[in-house]
Amino acid sequence: MKAAVIESVGKAVVTEVPDPTPGPRDVVVEVAACGLCGTDLHILQGEFAPTLPVVPGHEFAGVVVGLGRDVREVSIGDRVAVDPSLYCYECRYCRSGHNNLCERWAAIGVTTAGGAARYAVAPVANCVRLPDHVRTEDAALIEPLSCAVRGYDVLNSRLGSHVLIYGSGTMGLMMLELAKRTGAASVDIVDLNADRLATARKLGVSGSGANADELDRPQGWDVVIDATGNAGAIQDGLERVAKAGTFLQFGVADYATRVSIDPYRIYNQEITITGSMAVLHSYERAAELFAGGVLDPDVFISDRLPLDAYPQALDQFASGVGRKIVVVP
């Protein structure tokens, strides 16, 4: 079958690979669409994936076309979205409910072959059936939405909070949509990308600008979310948190990224700094929210490219052009 392969650091190709074979509790999914994510760029840069080559793609949905011998929960022809998370269920973190911090953490499209291919294998337990009104080619958005839902689980936001988001790419816009639905009094977004800020305004952001100084909140924000992973944005965001506020590191930073904190201010103003890692007990809820219309796929998905264009799609994503880019095998 045809698949995208990250062969080595900096090199992605589209080539033929063997068709996947399901284990007893696996299904084979014919992929309808696979989203690109910042994690894919980190894999290309030699981070995250423990070994290369690997077929990337952890955001995907499709149609079940093969069943392992012990699968009874789904049938051939079912349309499913796939949670890529793979846990050991045995380590300290899994046993304490923090599966996303699993000591043997793995993921489809990161540590094993993923959805940037015609076919992908997934455990049946990771498959969520799609309702009739949800288009299969849109359901690749469920995985990033599940990460955003996890972020709001960590925030445990209070009603009436003033929220500032750094970055109006896919994840920043998803955080915007969830903030609007979790009782925020206002949601502001900062980004240097004018096209993406225009999309944020279309979705109903309270205020937007290239710098937080352009926004009228000198006392700071109750919740500040970084959805960029950029050191400059993170540093600025830490300084914008209001007293008793919370800073959420949601964007994926490079391993070498460093910022400075003011320990006295954190103590004296009771500021919370926290993080959110991937998916945790949030995929099914994200699927229900998606089915309920929390996101407009036609707004969020800017480009649908053929699988053959996967290397070019990575370049476009890295350049910041567009919003969510999906490849269609």
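This report describes strands, salt bridges, cysteines, aromatic rings and one serine in a predicted model.

The model is predicted, and local features are reported where pLDDT is at least 70, side-chain atom pairs count only at pLDDT 80 or more, and totals for chains, interfaces and linings use all residues. Residues are numbered from 1 along each chain as its sequence is written, and side-chain values use heavy atoms, with hydrogens and water left out.

## Strands

Helices (H or I, at least four residues) and strands (E, at least two) are DSSP runs numbered from the N terminus, and two strands are said to pair if DSSP finds at least two bridges between them. Strand 1 pairs with strand 2 (residues 11–16) in the antiparallel sense over 6 bridges, and in this pairing Lys2 stands opposite Glu16 of strand 2. The two strands make a hairpin with 2 residues between them, and Gly10 in the turn has a positive phi of about 85°.

The pairings of strand 3 are described one by one. With strand 8 (residues 119–123) strand 3 pairs in the antiparallel sense over 5 bridges, and Val29 stands opposite Ala120 there. With strand 4 (residues 59–67) the pairing is also antiparallel, over 8 bridges, and the bridge partner of Cys34 in strand 4 is Phe60. With strand 17 (residues 324–328) strand 3 forms an antiparallel pairing over 2 bridges, in which Gly35 has Val326 as its bridge partner. In a regular strand the side chains alternate between the two faces of the sheet.

## Salt bridges

Side chains of opposite charge can pair when their charged atoms come close. A salt bridge is counted when a side-chain nitrogen of Lys or Arg lies within 4 Å of a carboxyl oxygen of Asp or Glu, and the structure holds 15 of them. The table lists some of these pairs.

| Lys2 | Asp308 | 3.1 Å |

The salt bridge between Lys2 and Asp308 links distant parts of the chain, for Lys2 is in strand 1 (residues 2–8) and Asp308 is in the loop between strand 16 (301–306) and helix 10 (310–319), 306 residues apart. Lys2 is partly exposed at 33% relative accessible area, and Asp308 is partly exposed at 46%.

Arg285 is partly exposed at 36% relative accessible area, and Asp153 is partly exposed at 32%.

Arg135 and Asp138 belong, with Asp298 and Arg304, to a network of salt bridges.

## Cysteines

How many disulfides does a search of the whole structure find? With a disulfide taken as a pair of cysteine sulfur atoms within 2.5 Å, the search finds 0. Cys34 is in no disulfide, and the nearest cysteine sulfur, that of Cys37, is 10 Å away; Cys34 is buried, with a relative accessible area of 0%. The sulfur of Cys102 has its closest cysteine sulfur in Cys88 at 3.5 Å, which is too far for a bond, and Cys102 is buried at 6% relative accessibility.

## Aromatic rings

Rings of Phe, Tyr and Trp (its six-membered ring) pair if their centres lie within 6.5 Å, and planes under 30 degrees apart count as stacked, over 60 as edge-to-face and the rest as tilted. A search of the whole structure finds 2 aromatic pairs. One of them is the edge-to-face pair of Tyr87 and Tyr89, with 5.9 Å from centre to centre and 80° between the planes. Tyr87 is buried at 17% relative accessible area, whereas Tyr89 is exposed at 56%.

## Ser276

Ser276 lies in the loop between strand 15 (272–275) and helix 8 and is buried at 13% relative accessibility. Leaving aside neighbours within four places in sequence, the residues in contact with Ser276 (heavy atoms within 4.5 Å) include Cys147, Gly151 and Phe250.

Terms used:
Buried < 20%, exposed > 50% of the residue type's maximum accessible area, 1.4 Å probe, protein only.
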